[in-house]
Amino acid sequence: MNLLGFAFRCSKPRVVLRPLYQSSHNFSSAPTTTPTTPTTTTKFTVEELYNPLAIPVVNWKKEVVETVIVPRHVLATPIRKDILHRCVVSELSKKRRGLASAKSRSEVQHSTRKVRQQKGSGHARVGDLRPPHYRGGGVAFPPKPRDFSTELPRKVVLLGQRIALTTKYALGSLHIIDSLKVPFTKTKDFVAFLNQNKWADEAKRIGPLLILGSEESLKEFKKPAMNISQVKVMKHNDINVYDLIKFKKIIIEKESLDYLLSQYKFF
């Protein structure tokens, strides 16, 4: 580089870094002092953070029978949509069968005969009829049976369950019931009983309703409840985040609540 070029480069104006609050048109209008951030923050007392919650236990007639003490970290967990999303994606991916399959060019039943001679035809060189661009040929990148399931750490799964239960409890859609025993075995009697005791919504529809119970209590309860549309009955050890979010109301047997509290004891 000659001396003239070096002097030209040195004479270029330098880029001046300015604060983000300054205007790009009028630099004299910038404030002389930096903006102050508010010092007031939301504070929680020790009682609000660590005191347990008193949850009423009702019967099928919605009469309060007793009160159960639930730790605050179970039904007052901070809402995190990212954890719920990870849990739902993981649970739905496990339900995918992954049976899609197609044949590649090496698996298609075709003759290996060369279509025409290499030279003399005036056309492009051609081998057999199994490539993807021929009718009846194989697929270029065929899908094969595979496993779509994704695993999550146990702490993340339990955290997602606590967040889902916290959401339902905040909406008033979580009910603790003393026992799942009902005095009848027919579905129509059970539906009339639920409507009479206001377990249905305004449209007189039972559900979406999720009922969690122990394996022993569900043996007698399955017959009247399993045939109701939009009602799902499942054991407490089969609980998942997707069903907790999907169903509008959740009924948990007191025995099942004790099982869930033992699972959430250290997380």
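Reply: The count comes to 6 salt bridges (a side-chain nitrogen of Lys or Arg within 4 Å of a carboxyl oxygen of Asp or Glu). Residues are numbered from 1 along each chain as its sequence is written, and side-chain values use heavy atoms, without hydrogens or water.

Take Lys 94 and Glu 151. Their closest N and O atoms are 3.6 Å apart. Lys 94 lies in helix α4, while Glu 151 sits in the loop between α4 and α5, so this bridge ties together parts 57 residues apart in sequence. Helices (H or I, at least four residues) and strands (E, at least two) are DSSP runs, numbered from the N terminus. Lys 94 is partly exposed at 46% relative accessibility. Glu 151 is exposed at 63%. Here buried means under 20% relative accessible area, exposed over 50%, and partly exposed in between (1.4 Å probe, protein chains only).

Next come Glu 107 and Lys 144. Their side chains meet in a salt bridge at 2.8 Å, N to O. Both residues lie in the loop between α4 and α5, so the pair ties together parts that are 37 residues apart in sequence. Glu 107 is partly exposed, at 36%. Lys 144 is partly exposed too, at 35%.

Now look at Arg 130 and Asp 128. This bridge has an N to O distance of 3.2 Å. Arg 130 is buried, and Asp 128 is buried as well.

How far does confidence reach? The mean pLDDT of the chain is 80, and 78% of its residues reach 70 or more. Where pLDDT is low, the predicted coordinates should not be read in detail.

One further lysine is worth a look. Lys 249 is in strand β6 (residues 249-253). Lys 249 is buried, at 17% relative accessible area. Not counting residues up to four places away in sequence, Lys 249 touches several residues, including Ser 173, Lys 198 and Trp 199.

Terms used: Contact = heavy atoms within 4.5 Å. pLDDT = per-residue confidence, 0-100.
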